[in-house]
Amino acid sequence: MAQLTVEVPEPGLYPDVPADVYHRWPAASQTVLKIMRDRSPAHARQYMLTPPEPTPAMVLGQAIHAAILQPDLFREHYVRGLEFDRRTKQGREAWEALAAEHPNAIILKPEDYDRCIAIRDAVHSHHYARKLLRGQTEVSAIWRDPWFGVLCKGRFDCLSTLGLIVDVKSVADASPRAMQRFIYTYGTYLQAAHYMIGAKKIGVDADYFVLIAVEKEPPYGIGIYNIRGDALMAGEEELGRLLRTWSECETTGRWPGYSELAVDVTLPSWAFNQIEMGLEGEA
């Protein structure tokens with residue numbers, strides 16, 4: 001089913017926009033730009049028009065996000081499920097009664113609800129993370145990019161009182177080595193550039209893009225990372241290239257997929273290393 005869009009407001013900050021309304025704004029977000037980076041303009045356009053249904057992992061990630069950034073909203077919209085086994089008659093009836101009691105809430109499995117609370121408490125008890133998250137949370141924004149005038153959007157996790165854009169990610173491994181891979185694989189360096197440029201365009205003072213990474217398993221380790229320097233410059237360069245393509249697609253009405261010509265494909269560098277190591281072992 002096609003997603004219904006809503007009218008996009010004028011460029012600026014919008015602190016009280018519900019997430020579902022923000023997601024329907026037809027503008028270039030960091031999510032669709034990452035899809036364009038990894039797949040094609042056609043895939044990015046399709047995602048914008050018909051976003052996929054949230055997976056269980058996405059639902060849990062959204063719940064963790066709400067628990068950390070909007071505790072009041074979390075208490076209002078998320079409910080701890082029951083210990084009953086839903087495969088039994090008693091369990092099904094109990095869960096149905098709970099759902100009827102909270103018709104507008106998302107019911108989480110007990111272990112997932114408890115994990116959200118534990119992660120929230122870990123972040124809020126971390127001295128520096130708690131300090132970083134003082135400010136406006138879940139703030140939506142609209143701007144036009146400075147190169148091609150593409151209408152862009154972003155949803156800042158936190159506009160910190162310290163003059164920073166703060167983003168929160170729940171991850172499997174928050175160590176520095178793992179996060180180097182993470183910020184490339186998931187395009188966080190691109191998100192940082194997108195948000196920093198957007199903030200500047202609408203007059204928001206933000207000196208840095210800071211990432212709070214919290215692990216999803218005990219002991220819920222927390223790493224705090226500044227995305228700056230070469231990583232931010234690389235993000236800006238790639239952002240410019242992607243927005244040029246976006247602008248061309250909007251102008252022509254064509255959102256191409258993969259190349260129509262045959263493309264040479266080879267093994268990744270790590271595969272050649274593995275082959276070479278295997279040959280050396282046989283020698």
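Modeller: A pocket is an open set of points on a 1 Å grid over the protein atoms alone where a 1.4 Å probe fits, with protein on both sides within 12 Å along at least five of seven lines. This is a predicted model, where local features need pLDDT of at least 70 and side-chain atom pairs 80 or more, while totals for chains, interfaces and linings use all residues. Residues are numbered from 1 along each chain as its sequence is written, and side-chain values use heavy atoms, without hydrogens and water.

Biologist: OK, how much space lies in the second largest pocket?

Modeller: About 180 Å³, counted as the space filled by probe spheres set on the grid points, which are joined across faces, edges and corners.

Biologist: And which residues line the second largest pocket?

Modeller: Pro146, Trp147, Met196, Ile197, Lys200, Lys201, Val204, Ala206 and Glu236 do (each has an atom within 4 Å of a point).

Biologist: Which helix gives the most to that lining?

Modeller: Helix α10, residues 188-201, gives the most, with 4 residues (helices are DSSP runs of H or I, at least four residues, and strands are E, at least two, numbered from the N terminus).

Biologist: How does the lining split by class?

Modeller: The lining has 6 nonpolar, no polar and 3 charged residues (Ala, Val, Leu, Ile, Met, Phe, Trp, Tyr, Cys and Pro are nonpolar, Asp, Glu, Lys and Arg charged, the others, Gly among them, polar).

Biologist: New topic: what joins Pro218 and Pro219?

Modeller: A cis peptide bond, with omega about 10 degrees. Pro219 sits in the loop between β7 (208-215) and β8 (222-227).

Biologist: Where is Tyr220 found?

Modeller: Tyr220 is also in the loop between β7 and β8. The phi of Tyr220 is positive, about 55 degrees, although this residue is not a glycine.

Biologist: Is Tyr220 buried or exposed?

Modeller: Tyr220 has 18% relative accessibility, so it counts as buried (under 20% relative accessible area with a 1.4 Å probe, protein chains only; exposed is over 50%, partly exposed in between).

Biologist: What about Glu138, what's its phi?

Modeller: Glu138 has a positive phi too, about 50 degrees, and is not a glycine either. Glu138 belongs to strand β4, residues 135-144. With 8% relative accessibility, Glu138 counts as buried.
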